[in-house]
Amino acid sequence: MLTNTEESSTYSGNSASGGSAGGAYYKNCKAVWDALGYGITRNDLGYRSKLDADGDGYACEYPPNY
């Protein structure tokens with residue numbers, strides 16, 4: 001299992017289990033968009049409230065400005 005201190009981003013698919021349980025971790029929204037091409041919801045692996053700026057359950061709603 002990855003920890004919050006790791007620098008790399010990974011993706012292990014979507015899950016209905018919710019939260020960040022599982023093996024996905026995204027350092028930031030750029031990492032989310034690089035891996036998936038879209039934002040994530042609180043039901044997706046890798047979701048963290050830190051990535052959800054407005055607290056609506058949808059993190060990284062907009063593509064980052066590279």
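**Exercise 1. The start of helix H1**

Task: In this predicted model, find which side-chain atom reaches the backbone nitrogen of Lys 30 at the start of H1.

Solution: Begin at Asn 28. A side-chain oxygen of this residue comes to within 3.2 Å of the backbone nitrogen of Lys 30. Helix H1 itself covers residues 29-36. Then move to the other end: just after H1 stands Gly 37, with a positive phi of about 85°.

**Exercise 2. The salt bridge**

Task: Find how many salt bridges the whole structure has, and state which residue pairs with Asp 34.

Solution: Step one is the count, and a search of the whole structure gives 1 salt bridge. Step two is the pair: Asp 34 is bridged to Lys 30, with 2.8 Å between the closest N and O atoms. Side chains of opposite charge can pair when their charged atoms come close. Step three is the position in the helix. Asp 34 and Lys 30 are 4 residues apart in H1, so about one helical turn separates them. An α-helix has 3.6 residues a turn, so residues three or four places apart point the same way. Asp 34 has a relative accessibility of 46% and is partly exposed; Lys 30, at 39%, is partly exposed.

**Exercise 3. The disulfide**

Task: Identify the cysteines that form a disulfide, determine its handedness, and say what parts of the chain the pair ties together.

Solution: The count of disulfides is 1. Its partners are Cys 29 and Cys 60, whose sulfur atoms lie 2.1 Å apart. A disulfide is a covalent bond between the sulfur atoms of two cysteines. For the handedness, take the torsion about the S-S bond of Cys 29 and Cys 60: the value is about -80°, so the disulfide is left-handed. For the parts joined, place each cysteine. Cys 29 belongs to helix H1 and Cys 60 to the segment after strand S2 (58-59), so the pair ties together parts 31 residues apart in sequence. Cys 29, at 22%, is partly exposed, whereas Cys 60, at 5%, is buried.

**Exercise 4. The largest nonpolar core**

Task: Work out which element gives the largest share of the largest nonpolar core, and which residues of H1 are buried.

Solution: The core has 12 residues, among them Ala 24, Tyr 26, Leu 45, Tyr 47, Leu 51 and Cys 60. Helix H1 supplies the largest share, 4 residues. The buried residues in H1 are Ala 31, Val 32, Trp 33 and Leu 36, and strand S1 is included in what covers the buried residues of H1. Ala 59 also belongs to the core. Apart from neighbours within four places in sequence, Ala 59 contacts Gly 39, Ile 40, Tyr 47, Leu 51 and Asp 52.

**Exercise 5. Ser 49 and the loop**

Task: Locate Ser 49, decide whether Ser 49 is buried or exposed, and give the distance from Ser 49 to Ala 59.

Solution: Ser 49 sits in the loop between strand S1 (40-41) and S2. With 59% relative accessibility, Ser 49 is exposed. In sequence, Ser 49 and Ala 59 are 10 residues apart; in space, their C-alpha atoms are 7.5 Å apart.

**Exercise 6. The chain as a whole**

Task: Describe the pattern of secondary structure in the protein chain and the share of residues that count as buried.

Solution: Count the elements first: 1 helix and 2 strands. Along the sequence they follow the pattern α-β-β. Of the 66 residues, 32% count as buried. The chain exposes about 4,000 Å², with 51% of that area supplied by carbon and sulfur atoms. Finally, take the contacts between residues at least 6 apart in sequence: 36% of them join residues at least 24 apart.

Definitions and conventions:
Residues numbered from 1 in each chain as written. Predicted model: local features only at pLDDT ≥ 70, side-chain atom pairs only at ≥ 80, totals over all residues. Heavy atoms only, no water. Core = buried A, V, L, I, M, F, W, Y, C linked by side-chain atoms within 4.5 Å. Buried < 20%, exposed > 50% of the residue type's maximum accessible area, 1.4 Å probe, protein only. Contact = heavy atoms within 4.5 Å. Disulfide = S-S within 2.5 Å. Areas by Shrake-Rupley, 256 points an atom, 1.4 Å probe, with all protein chains shown as cover. Salt bridge = Lys/Arg side-chain N within 4 Å of Asp/Glu carboxyl O. Polar contact = N/O pair within 3.5 Å; in protein donor to acceptor, adjacent residues only side chain to side chain.
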